[in-house]
Amino acid sequence: MTHEDKGHFRQKHSPDRKLNEQVAAAVKSKVKDGAMACAVAFEIAESLGVPPEEVGFALDSLEVNIVKCQLGLFGYAPVKRIVKPAERVPPDLEKAIRGALVKDRLPCASSWALAEKRRLRKMEVSAACETLGIKIGPCQLGTF
């Protein structure tokens, strides 16, 4: 998606893909000022028993901005991203991150799993990635 496409999220998807109306209704009930926090999107996915990507598709279809990425990567005003590089990355965490890379990126889901397994905050893993120069993606909601 290019900068010019911003606000036209539906165009990322096939026109043949159908919107799950139950998910759409849940999204509509939680939207505030045309946006939804990442954490709220995950709450909807969990409560409905659907993959986060399904909620992300509904958000895109309804042209709802996803804000406040739980990894601190986007959606924070006015600075957009709030994650800062870690002062130091323990060697075992670096090894775990590098071992989970897919096409030189750490999938969002893997960053969450590493955080849970190591009892870290999600943003601690993204901060380590910042220090190591590792990009995170794809997003579980399909944002990036």
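1. This is a predicted model. Arg98 has a relative accessible area of 40%, so it is partly exposed. Glu94, with a relative accessible area of 26%, is partly exposed as well. The two side chains meet in a salt bridge, with 2.9 Å from N to O. Arg98 and Glu94 are four residues apart in helix H4, and therefore about one helical turn separates them. An α-helix has 3.6 residues a turn, so residues three or four places apart point the same way.

2. The whole structure holds five salt bridges. One of them pairs Arg17 with Glu53, whose closest N and O atoms are 2.8 Å apart. Arg17 belongs to the segment before helix H1 (21-30) and Glu53 to helix H3 (residues 52-61), so this pair ties together parts that are 36 residues apart in sequence. Arg17 counts as partly exposed because its relative accessibility is 25%. Glu53 also counts as partly exposed, at 32% relative accessibility.

3. Another salt bridge links Arg118 and Asp92, where the closest N and O atoms are 3.0 Å apart. Arg118 is in helix H5 and Asp92 in helix H4, so the pair ties together parts 26 residues apart in sequence. Relative accessibility is 30% for Arg118, which counts as partly exposed. For Asp92 the value is 45%, and this residue too counts as partly exposed.

4. Which residues of helix H5 (residues 108-118) are buried? They are Cys108, Ser111, Trp112, Leu114 and Ala115. These residues cover an arc of only 160° around the axis, and so they sit on the same side of H5. Glu116 and Lys117, on the other side of H5, are exposed. The buried residues of H5 pack against helix H2 (38-48), helix H4 (91-99), strand E3 (105-106), H6 and strand E4 (135-136). Just after H5, Arg119 has a positive phi of about 55°.

5. Where does Gln70 lie, and what does it touch? Gln70 is in the loop between strand E2 (65-67) and H4. Not counting residues up to four places away in sequence, Gln70 touches Cys38, Ala39, Phe42, Trp112, Lys122 and Met123.

6. Is Ser126 buried or exposed? Ser126 has a relative accessible area of 1%, so this residue is buried. Ser126 is part of helix H6 (residues 122-132). A polar atom of the Ser126 side chain lies 2.7 Å from the backbone oxygen of Leu71. Leaving aside neighbours within four places in sequence, Ser126 is in contact with Leu71, Val83 and Ile136.

7. How many disulfides does a search of the whole structure find? The search finds zero. The cysteine sulfur closest to that of Cys38 is in Cys69, 5.5 Å away, which is too far for a bond. Seen from Cys69, the closest cysteine sulfur is likewise that of Cys38, at 5.5 Å. Cys38 is buried, with a relative accessible area of 6%. Cys69 is buried too, with a relative accessible area of 4%.

How values were computed
Residues numbered from 1 in each chain as written. Predicted model: local features only at pLDDT ≥ 70, side-chain atom pairs only at ≥ 80, totals over all residues. Heavy atoms only, no water. Helix = DSSP H or I, 4+ residues; strand = E, 2+ residues; numbered from the N terminus. Buried < 20%, exposed > 50% of the residue type's maximum accessible area, 1.4 Å probe, protein only. Polar contact = N/O pair within 3.5 Å; in protein donor to acceptor, adjacent residues only side chain to side chain. Contact = heavy atoms within 4.5 Å. Arc of directions from axis to C-beta. Salt bridge = Lys/Arg side-chain N within 4 Å of Asp/Glu carboxyl O. Disulfide = S-S within 2.5 Å.
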